[in-house]
Amino acid sequence: MLTDSHCHLDYFEGGELEAVVARAGEAGVARLITIGTTMAQGETVKAIADRFPQVFATVGVHPMQAGNAPIPTVEAIIALADHPKVVGIGESGLDYHYDTAPPEVQAESFRRHIRAAQRTGLPLVIHAREADDDIAAILREEREAGGDFAALLHCFSSTRALAETVVADGGYVSFSGILTFPKSNDIREVAASLPRDRILVETDSPYLAPVPYRGKRCEPAYVATTAEVLAKTLGMEVPALIELTGRNTRNLFNKIS
């Protein structure tokens, strides 16, 4: 069962959302996980998940939003996650590409999300951009201090070293439409090198539409196109890749049946 493991359905408004979810189903996308980016928006993604049986949600604060409000306490994140269709914590992490939040604020927010994942047993969805070394250090420090936690490095565009670090600690790596871009040979090489039982697929819609839709607004239906490229990259038939990534998704987000 093909799953879009990371999308932002709250960007699609009104009746448009119904159409977007319907098109995903027509493309063979059986499950969608809509992602939280602020504490207030967490209520929105939970409401969307409640509307559609095939939609699940995560809750948390995106690192680019970390400076826009007080950093939530671990307890507040846990309370927001207390919902039958919330299957993960995040997305949280570090993003040094834009100067939207001080690095120390992002780091503290990231650490609190990790601790919420440790306490709830829900997997952590990691956003990483131009901050690989600091992310690896924080993951290591928090694991040593508070114990293991499941994790997903989403929308992979980082170094091989970070992917291998996450996988070595029992985590997963998800590939978006970036995988299909002509200049993404290095990303395809990393995908081919990872253990197959640690690979997921996503859109990160409405961003990063895969080829041949690049430049258009992305939507969850397009995860089928990325899955085709990922299958080719791994030397697999598409149905086998769909089965593999579906199984991996359920193993990670174990509240999804």
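Let's start with Cys 155. Is Cys 155 buried or exposed? It counts as buried, at 9% relative accessibility. The cut-off for buried is under 20%, so Cys 155 falls inside it. Cys 155 sits in the loop between strand 6, residues 151-153, and helix 6, residues 160-168. Its backbone deserves a look too. Phi of Cys 155 is near 50°, which is positive, and this is a residue other than glycine. Keep in mind throughout that this is a predicted model.

Glu 130 lies in the loop between strand 5 and helix 5, residues 132-146. But Glu 130 is exposed, with a relative accessible area of 52%. The cut-off for exposed is over 50%, so Glu 130 passes it.

A glycine now. Gly 28 follows helix 1, and its phi is positive, near 90°.

While we're on backbone, two cis bonds. The peptide bond from Ser 205 to Pro 206 is cis, with omega near 15°. Val 211 and Pro 212 are also joined by a cis peptide bond, with omega about 15°. Where are these prolines? Pro 206 is in the loop between strand 8, residues 199-201, and helix 8, residues 223-234. Pro 212 lies in the loop between strand 8 and helix 8 as well.

On to the largest pocket. It holds about 450 Å³ of space. Which residues lie nearest its centre? They are His 62, His 127, Arg 129, Asp 204 and Tyr 207, out of a lining of 19 residues. By class, that lining has eight nonpolar, seven polar and four charged residues. Strand 4, residues 86-95, and strand 5, residues 124-129, each supply at least two lining residues. Strand 5 gives the most, with three.

Zoom in on His 62. His 62 is placed in the loop between strand 3 and helix 3. His 62 is buried, with a relative accessible area of 10%. What does His 62 contact, leaving aside neighbours within four places in sequence? Thr 37, Glu 91 and His 127. Note that His 127 is also among the residues nearest the pocket centre.

Next, the cavity. A search of the whole structure finds one cavity of 30 Å³ or more. The volume of this largest cavity is about 60 Å³. Its lining is Leu 139, Arg 143, Phe 149, Ala 150, Ala 151, Val 166, Asp 169, Gly 170 and Gly 171. By class, that is five nonpolar, two polar and two charged residues.

Leu 139 takes us from the cavity into the core. Not counting residues up to four places away in sequence, Leu 139 touches Phe 110, Ile 114, Leu 124, Ile 126, Phe 149 and Val 166. Phe 149 and Val 166 line the cavity too. The largest nonpolar core has 67 residues. Which have the most contacts inside it? Leu 9, Phe 110, Leu 124, Ile 135, Leu 139 and Phe 175. Helix 8 gives the most to this core, with six residues. There is also a second, separate core of 11 residues, including Ile 33, Val 125, Tyr 172 and Leu 252.

In helix 1, residues 14-26, the buried residues are Leu 17, Val 20, Val 21 and Ala 24. Seen down the axis, they fall within an arc of 95°, so they line one face of helix 1. The face turned away from that buried side carries the exposed residues Gly 15 and Glu 26. What covers the buried residues of helix 1? The cover includes strand 2 and helix 2.

Helix 2 runs over residues 39-51, and its buried residues are Gln 41, Gly 42, Val 45, Lys 46, Ile 48 and Ala 49. Why do they count as one side? They cover an arc of only 160° around the axis, which puts them on the same side of helix 2. Ala 40 and Asp 50 are exposed on the face turned away. The cover over the buried residues of helix 2 includes helix 1, strand 2, strand 3, helix 3 and strand 4.

Conventions
Residues are numbered from 1 along each chain as its sequence is written. This is a predicted model: local features need pLDDT of at least 70, side-chain atom pairs count only at pLDDT 80 or more; totals for chains, interfaces and linings use all residues. Side-chain values use heavy atoms; hydrogens and water are left out. On a 1 Å grid over the protein atoms alone, a cavity is a set of points where a 1.4 Å probe fits but cannot get out, and a pocket is an open set with protein on both sides within 12 Å along at least five of seven lines; lining residues have an atom within 4 Å of a point. Grid points are joined across faces, edges and corners, and a volume is the space filled by probe spheres set on the points. Ala, Val, Leu, Ile, Met, Phe, Trp, Tyr, Cys and Pro count as nonpolar, Asp, Glu, Lys and Arg as charged, and the others, Gly among them, as polar. Helices (H or I, at least four residues) and strands (E, at least two) are DSSP runs, numbered from the N terminus. Buried means under 20% relative accessible area, exposed over 50%, partly exposed in between (1.4 Å probe, protein chains only). The arc is that of the directions from the helix axis to the C-beta atoms. Contact means heavy atoms within 4.5 Å. A nonpolar core is a set of buried Ala, Val, Leu, Ile, Met, Phe, Trp, Tyr and Cys residues joined through side-chain atoms within 4.5 Å.
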